[in-house]
Amino acid sequence: VDSNIKKLNGEEFAGITYNSRTFTSSGSFVVSSGGAVDIFLVGGGASGGAYSSAGFTRGGGGGGGAHTATGITMSAATYTVSVGAGANGVSNGRGNDGGESNVTVGGTTYRAGGGGGGGTIGTYDGKNAPSVAGAAAAAGGGGGGASGYSGTGGSGGSGDHDGGDGSTANWSGGGGGAGGDGYNGAGAGSLSSYGGVGVNNTYKDGTTIGYGGGGGGSAADYD
């Protein structure tokens, strides 16, 4: 999607139409006439950690990775687009990972990895984001945020952007986002337990939309 203006060698040409196709689930992209395309992929977000009893902290889930590839030549063919699912929530334990999104064009697979699940009590550390093959054409997801409780603070999971650490004072970390690390659990204020930022893109309809933000961590207050 563009603003119907294309600049070539300093000259402006009006009336150039850009078409956009958005996939929210896996499907086929049928190209009847070859040409250049811009691709934006977002992986599935992870779920946060959970614990069966109330009053305990849980780390935020990592956001899915975001990968942009521009000027890619697509020949006339049918292409399979795989859209990574967001993770299901859990009732107890560390969160589930998000799924990878990908498409293969001309022998190159473009990928955006899913986020890593958040930590919880007992398994404090956030999960690492799932590994993504083909680093030259890929972006990984954010790591899961860690839990923290009563003297134990877990470590945030690793990813393209890491999850935040949990604190020993009942604050958990936020999940890493597609555009930035999650924040450590450090008490009230100072962006404590916030999820990492996502990234902006305009391909869907020309407006700026944010994608792949990390989930915030939770806190428990014991007097």
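**Entry 1: salt bridges**

I first looked up R111 and E100, whose side chains form a salt bridge with N and O 2.9 Å apart. R111 belongs to strand β8 and E100 to the loop between β6 and β7, so this pair joins parts that lie eleven residues apart in sequence. The term salt bridge requires a side-chain nitrogen of Lys or Arg within 4 Å of a carboxyl oxygen of Asp or Glu. Side chains of opposite charge can pair when their charged atoms come close.

I note that this is a predicted model, in which local features need pLDDT of at least 70 and side-chain atom pairs count only at pLDDT 80 or more, while totals for chains, interfaces and linings use all residues. Residues are numbered from 1 along each chain as its sequence is written, and side-chain values use heavy atoms, with hydrogens and water left out.

I counted two salt bridges by this rule. D97 pairs with K127, and their closest N and O atoms are 3.6 Å apart. This pair links distant parts of the chain, 30 residues apart: D97 is in the loop between β6 (77-82) and β7 (101-105), and K127 is in the loop between β8 (108-112) and β9 (138-139). Strands are DSSP runs (E, at least two residues), numbered from the N terminus.

I then checked accessibility. R111 is partly exposed at 21% relative accessible area, and E100 is partly exposed at 25%. D97, at 31%, is partly exposed, as is K127 at 22%. Partly exposed lies between buried (under 20% relative accessible area) and exposed (over 50%), with a 1.4 Å probe and protein chains only.

**Entry 2: R58**

I found R58 in the loop between β4 (35-42) and β5 (66-74). Its C-alpha atom is 6.0 Å from that of G119, although the two residues are 61 residues apart along the chain. Leaving aside residues up to four places away in sequence, R58 touches several residues, including Y51, G119, S147 and G217; contact means heavy atoms within 4.5 Å. The side chain of R58 also reaches the backbone oxygen of Y51 at 3.0 Å.

**Entry 3: the largest pocket**

I looked up the largest pocket, which holds about 1300 Å³ of space. A pocket is an open set of points on a 1 Å grid where a 1.4 Å probe fits, with protein on both sides within 12 Å along at least five of seven lines; lining residues have an atom within 4 Å of a point. The lining has 39 residues, and R21, D38, I39, F40 and Y203 lie nearest the centre. β4 gives the largest share of the lining, eight residues.

Conventions: Helix = DSSP H or I, 4+ residues; strand = E, 2+ residues; numbered from the N terminus. Polar contact = N/O pair within 3.5 Å; in protein donor to acceptor, adjacent residues only side chain to side chain. Points joined across faces, edges and corners; volume = space filled by probe spheres on them.
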